[in-house]
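Subject: Structure handover

Hello,

Here is the structure I promised. Please open it first, then read the notes below.

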Amino acid sequence: MLKGTEKAFNKVNAPIANFSAKFSGILLLVMTVLVLLQVGCRYILNTPLSWTDETSRFLMIYMTYLCLPIVYLRDQNIAMTFITDKLKNTRIYHLFMILAHVSALALFVIWIYFGWAFFKTGSVMADSLPIPMYTIYIVPPVMLALSCLTAIEKLIGSVHDLIHFASEPSLSVALEQDATA
């Protein structure tokens, strides 16, 4: 049952994560072009553009949050794994993974709460762009909510792995099996 639930979550999470990662790549390309345009205008034409700096910052914010679901889904986040690497194939490892996913969920929920409160203050206009700031402030709560779905999927997988844990046979059992064969 848990594996089926995990697969159902993955059918929702994987396409969302892949789309957001591709969209983030497009935003990176746009940001690169804007920065190069700014450098060219500033140093070649001696007429700096006022809006490219703020636009690049906003694009960076969007790229960061858009990549959260895929980073979490693929376990590509920055981590120090020297302890968990030693505990692989043990029940303690699966308990650590459950604790990590529950902690991530709690952090995401707190972040969503404060992100939503910040979003509600976004009726002011950006400094150099004619856009209200709530268009920028909406991305953290939305993408963190999607990251919660990913964390739930990973949590379900870890619970399943803990329940259906099959430890490696000990060396003496393996040697006895080889001797009888």
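Is Phe19 buried or exposed? Phe19 is exposed, with a relative accessible area of 58%. Phe23 is partly exposed, at 34%. (Buried is under 20%, exposed over 50%, partly exposed in between, with a 1.4 Å probe and protein chains only.)

Before going on: this is a predicted model, where local features need pLDDT of at least 70, side-chain atom pairs count only at pLDDT 80 or more, and totals for chains, interfaces and linings use all residues. Residues are numbered from 1 along each chain as its sequence is written, and side-chain values use heavy atoms, without hydrogens and water.

**Aromatic pairs**

The whole structure holds 7 aromatic pairs. In one of them, Phe19 and Phe23 are stacked, 6.1 Å centre to centre with 5° between the planes. (Rings of Phe, Tyr and Trp, the last by its six-membered ring, pair if their centres lie within 6.5 Å; planes under 30 degrees apart are stacked, over 60 edge-to-face, the rest tilted.) The two residues sit 4 apart in helix α1 (residues 2-43), so about one helical turn separates them. Helices are DSSP runs of H or I, at least four residues, numbered from the N terminus. Elsewhere, Trp116, Phe119 and Tyr134 make up one aromatic cluster.

**Largest pocket**

Its lining has 22 residues. Nearest the centre are Asp75, Tyr93, Met97, His101 and Lys154. α4 (91-119) contributes the most to the lining, with 6 residues. (A pocket is an open set of points on a 1 Å grid over the protein atoms alone, where a 1.4 Å probe fits, with protein on both sides within 12 Å along at least five of seven lines; lining residues have an atom within 4 Å of a point.)

Best wishes
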